[in-house]
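Please look over the sequence and the fold shown below, and then follow the paragraphs residue by residue.

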Amino acid sequence: MHDVVVVGAGPAGLFAALELSAHGKSVVVVDKGRDISERSCPMKKWGHCLHCDPCHIMCGMGGAGTYSDGILNLHPAIGGDLTRLTDDAWSLVDEVDSVFLRYGAPVEIQEPTQSDVEDLSRRAASVGARFIAIKQRHMGSDRTPEIIRAFSADLKRRGVRFVLNSSAADLIIDGDACIGVRLSDGREIRAGSTLLAPGRIGAQWIGEMIDRYGIKARYGPLDVGVRVEVPSIVMDPVTRINRDPKFHIITHRYDDFIRTFCTNPGGFVVKEEYRDFIATNGHSMSGERSENTNFAFLVRLELTKPIENTTAYGISIAKLVTTIGGRRPVIQRLGDLHRGRRSTEERIARNPVRNTLIDVTPGDISMALPHRIVMDVIEGLEILNEIIPGVNADSTLLYAPEIKFYAREISVDRDLQTSIPSLHAAGDGAGLSRGIVAAAATGLLAARGILRGH
C-alpha cells in the first residue's frame with residue numbers, strides 16, 4: 001500500500017512526485033511509455049513512422065513535452081490560467097522554473113525589451129490583433145531529455161517507484177472513495193490517494209473514467225488548425241524578440257479566435273501518433289537547425305447544447321484527415337489552397353520551402369478540415385502577414401491536422417481533488433493545463449492538496 005499512486009510521468013506527475021517525496025510520502029508513478037533512455041522515435045532513422053505502440057514521442061518519462069520545443073513560457077496565463085486555481089500563480093511559475101534550472105535547464109532567458117514589445121504590439125493592434133509578451137526559457141528538443149533524465153534519477157534516489165510500460169485501465173473505487181488503479185495486465189496498485197495526470201495522450205481514457213464513475217467535469221474548448229512552415233528568415237525579426245511569439249487574432253467572417261502557438265525557429269515538423277488518428281506538432285533543438293521555422297495556427301472551438309463533446313468532434317476531424325492522408329499528415333502549399341487545387345508531389349518537390357517532415361501526403365486540406373476552419377486559417381494568415389510579412393506567401397507550407405485536445409476539464413476543489421474523495425487531477429489530460437509549466441504547476445498544487453489531506 002503506497003501513500004500516492006500517480007498516473008502519468010509527464011511534468012504534472014513528475015512535479016507531484018517531487019513534492020510528495022520531499023515530504024516523505026511513498027509514491028509510485030505509472031506510465032504506458034518507456035523510460036527516458038529508451039524513448040527514441042525511429043522516424044529520424046527511417047524517415048517514416050513505424051507506428052510504435054505506444055508512441056515514443058507522446059508517451060514515457062517526461063511526457064509529450066520532452067520531444068516538443070522544450071519552451072518554458074514563464075507566465076501564469078499561458079498554457080492555462082493558473083490564477084483560477086491559486087492566488088499564488090506567479091510564485092508557482094517561478095518555482096517550476098527553478099526546478100528545471102536545478103536539473104540542467106539553460107540559465108539564458110529570453111525577455112523582449114519594452115521598445116520591442118511596444119513595436120510588435122503596435123503592429124498587431126493596427127490590424128486588430130494582439131501580441132502577448134512573455135518571458136521564456138528554451139530547453140530544446142535535444143536538451144530536454146537530459147534534463148528529464150536528471151529529474152527522474154533524482155526522484156528514484158528519493159524512493160519514487162516508476163512502473164513503466166504499463167497502462168492504467170481502471171480506477172479502484174471502494175465505497176465512495178478511490179483507493180488506487182488497476183493496470184491493463186490486471187495488477188492493482190492501491191494507495192491512500194490517486195492522482196490522474198496522464199497528459200494529452202490520456203485524455204480519452206480520462207473521459208471514460210469520468211463517464212464510468214460520474215466524476216464532475218465539463219467539456220473544454222478544442223483548438224483545430226494547421227502547422228505552418230516558412231523560411232526562418234521570414235520569422236527571424238519576431239523570433240529574435242520572442243522565441244515563441246503569441247499573436248491572438250479575431251477573424252472577420254466568423255468572429256473566431258485564432259492564435260499562433262509553439263513556434264520553432266530553425267525547427268522541424270513532426271508527426272504525433274494517437275490510437276485512432278495522427279496529428280502534427282513541431283520541435284526545435286539547440287544543436288541542430290533547419291532552414292525553416294514552424295508554428296501552430298489554431299482556431300478555438302467551443303460547442304454548445306445539444307452537442308458539447310468537443311473531444312469527439314476533434315477526433316472525428318482528425319480521423320477524416322488520417323483517412324485522406326493514408327495515416328500521414330496532409331501537406332499543402334498555401335498558394336495551392338488559395339487556388340482551390342490540391343498539392344501534388346511534383347509541386348511540393350519544386351516548392352522553394354522544403355518540408356522538414358517527409359512522412360506526409362500532398363493533398364488538399366480543404367477536403368479534410370471543416371470549411372470554417374480553413375477560412376479562418378486563410379484569413380488569419382492574411383492578417384498575420386501584415387505583422388510578419390512573408391507568412392502568407394504561396395510557398396508557405398501547411399500541415400494538417402494540428403489539434404490540441406484540452407480534454408474534459410475535471411471539476412476540482414482548492415486541493416485539486418475531484419468529486420470522488422482521494423482522487424485528484426492535474427495536467428493537460430485532466431483539462432487543467434495546456435503546456436509544460438502550467439502542467440508542472442498543477443502537479444505541485446495537487447501534491448500539496450494531497451499533503452493537506454493526509
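Leaving aside its neighbours within four places in sequence, which residues is Arg408 in contact with? With contact taken as heavy atoms within 4.5 Å, the partners of Arg408 are Gly207, Ile210, Asp211, Ala217, Arg218, Tyr219, Gly220, Ala430 and Gly431. Before going further, please note that this is a predicted model, in which local features need pLDDT of at least 70 and side-chain atom pairs count only at pLDDT 80 or more, while totals for chains, interfaces and linings use all residues. Residues are numbered from 1 along each chain as its sequence is written, and side-chain values use heavy atoms, with hydrogens and water left out.

Arg408 lies in strand E20, which covers residues 408-410; helices (H or I, at least four residues) and strands (E, at least two) are DSSP runs, numbered from the N terminus. The side chain of Arg408 is joined to that of Asp211 by a polar contact of 2.9 Å. A polar contact here is a pair of N or O atoms within 3.5 Å, where within protein one must be able to donate a hydrogen and the other to accept it, and where residues adjacent in sequence count only if both atoms are side-chain atoms. Arg408 is classed as buried because its relative accessible area is 15%, given that buried means under 20% relative accessible area, exposed over 50%, and partly exposed in between (1.4 Å probe, protein chains only).

Charged pairs come next. Side chains of opposite charge can pair when their charged atoms come close. A salt bridge is counted when a side-chain nitrogen of Lys or Arg is within 4 Å of a carboxyl oxygen of Asp or Glu, and by this rule the count comes to 32 salt bridges. In one of them, the side chains of Arg227 and Glu402 meet at 2.9 Å, N to O.

Another salt bridge is formed by Asp256 and Arg372, whose closest N and O atoms are 2.7 Å apart. Asp256 lies in the loop between strand E12 (246-250) and strand E13 (257-264), whereas Arg372 lies in helix H11 (residues 371-387), so the pair ties together parts that are 116 residues apart in sequence. Asp256 is buried at a relative accessible area of 7%, while Arg372 counts as partly exposed at 36% relative accessibility. Salt bridges that share partners also join Asp170, Arg182, Glu188, Arg190 and Arg212 into one network. Within this group, Glu188 forms a salt bridge with Arg190, the closest N and O atoms being 3.0 Å apart. Glu188 counts as partly exposed at 37% relative accessibility, and Arg190 counts as partly exposed at 37% relative accessibility.

What is the count of disulfides? A disulfide would be a pair of cysteine sulfur atoms within 2.5 Å, and by this rule the count comes to 0 disulfides. Cys59 is buried, with a relative accessible area of 3%, and Cys178 is buried, with a relative accessible area of 1%.

Is Leu82 buried or exposed? Leu82 counts as buried because its relative accessibility is 2%, and its place is in the loop between strand E3 (71-73) and helix H3 (89-102). Not counting residues up to four places away in sequence, Leu82 touches Pro76, Ala89, Val93, Ala438, Ala441 and Thr442.

On the surface, Leu320, Ile324 and Met367 form a nonpolar patch with about 280 Å² of accessible area together. Accessible areas come from the Shrake-Rupley method with a 1.4 Å probe, and for residues only the protein chains shown count as cover. Patches are made of residues with over 30% relative accessible area and no salt bridge, with like charges joined within 9 Å and nonpolar side chains (Val, Leu, Ile, Met, Phe, Trp, Tyr) within 5 Å. Leu320 lies in helix H8 (residues 310-324) and is partly exposed, with a relative accessible area of 40%.
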